[in-house]
Amino acid sequence: MRRSVSYIDVHCHLNGEDYGPVDALIADVQAAGVKKIISVGFDLPSSEYCARLSEIYPCVYFTAGFHPTELGAYRDGDLDRIEELTHNAKCVAIGEIGLDYHYPDTDRAKQLRVFTAQLELAKKLDIPVQIHSRDSAEDMLCVLKEHARGLKAMLHCYSHSLEIAKELEELGAYFSFGGTSTYSGSKKARRTIAALPLERIMTETDSPYLPPRSMAGVFPNTPKSIPEILANTAEIKGISVEEAAASVWDTAHSFFKKLNNV
């Protein structure tokens, strides 16, 4: 009989709109063995909401930050409030932050300005960052090379090439993989998981988005998908689920120091 393992979702977006009652969601997630959840902010209201959830549910931790495609309402001075939120005992990182050049009307200059400001804030506060990067590999690598000193960075739902991952690894970066890595067609993600050191890998769902293979086309995805994602990682690495789960748990608690606080 397989002994009990503890799972963690280091990146999801909890709310009552997509999932229904949060109480029921948390109960289901805990029953699936997912013991801790990091609910990720993408602007001020979502970051503040995640902070409130963390006060209600012992298993919930949170991040605070501005997502690159959510800068329409961003104003100078907003990072002061983000900084306030980081002082919460359950705020484990600044995030999700980064670059996203997917849309044709992207204001790249503003994205770069706000991203680098949040990186500098994280270094000042000695807190990790969770990074979103889509269609921006070269600029992302350039920015992180410039700001690597004193920075603790996790690339969430990593989707760039193995070659870029190795350069990021040399800068000290960590990587999280979600449901997309369970599909046989996700060759870049699967190749990267196979090549990276196990201790640099964490698991996420990015729920309610990006369901794993067994839930293809289903919305919402939930943190209950973590066991499937973890099992896929274990299979790729050629190790047991128990070994993979223990590594991810230890890596997450080492990287996000505040997971040990409460």
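Select Leu-210 to begin: this residue is partly exposed, with a relative accessible area of 30% (buried means under 20% relative accessible area, exposed over 50%, and partly exposed in between, with a 1.4 Å probe and protein chains only). Leu-210 lies in the loop between β8 and α9; helices (H or I, at least four residues) and strands (E, at least two) are DSSP runs, numbered from the N terminus. Its phi is near 50°, a positive value in a residue other than glycine.

The model is a predicted one, in which local features need pLDDT of at least 70 and side-chain atom pairs count only at pLDDT 80 or more, while totals for chains, interfaces and linings use all residues. Residues are numbered from 1 along each chain as its sequence is written, and side-chain values use heavy atoms, with hydrogens and water left out.

Remain in the loop between β8 and α9 and select Asp-206. Asp-206 is not a glycine, yet has a positive phi of about 55°. With 10% relative accessibility, Asp-206 counts as buried. Next, display the backbone from Ser-207 to Pro-208, where the peptide bond is cis and omega is about 15°. Pro-208 is placed in the loop between β8 (201-203) and α9. Most residues other than glycine have a negative phi, and most peptide bonds are trans.

A cis peptide bond is also found from Gly-95 to Glu-96, with omega near 0°. Glu-96 belongs to strand β4 (residues 91-100).

Now show helix α8 (residues 187-195) together with helix α9 (residues 226-237): their axes come within 8 Å and cross at roughly 65°. Axes here are lines fitted to C-alpha atoms, for helices over the stretch in contact, and angles run from 0 to 180 degrees between N-to-C directions. Select Arg-190, Ile-193, Ala-194 and Ala-195 in α8, which meet Asn-232, Thr-233, Ile-236 and Lys-237 in α9 (contact means heavy atoms within 4.5 Å).

The aromatic side chains come next. Six aromatic pairs are found in a search of the whole structure. Rings of Phe, Tyr and Trp (its six-membered ring) pair if their centres lie within 6.5 Å; planes under 30 degrees apart count as stacked, over 60 as edge-to-face and the rest as tilted. Select Phe-66 and Tyr-74: the ring centres are 4.9 Å apart and the planes stand at 85°, so this pair is edge-to-face. Phe-66 and Tyr-74 are both buried.

Move to Tyr-158 and Phe-177, whose ring centres are 6.4 Å apart with planes at 80°, so this pair is also edge-to-face. The pair links distant parts of the chain, 19 residues apart: Tyr-158 is in the loop between β6 (153-155) and α7 (162-170), and Phe-177 is in strand β7 (residues 174-177). Tyr-158 counts as buried at 4% relative accessibility, and Phe-177 is buried with a relative accessible area of 2%.

Lys-152 lies over the face of Phe-255, at 5.0 Å from the ring centre. The charged end of Arg-200 sits over the ring of Tyr-174, 5.0 Å from its centre. A charge sits over a ring if NZ of Lys or CZ of Arg is within 6 Å of the ring centre and within 35 degrees of the ring normal.
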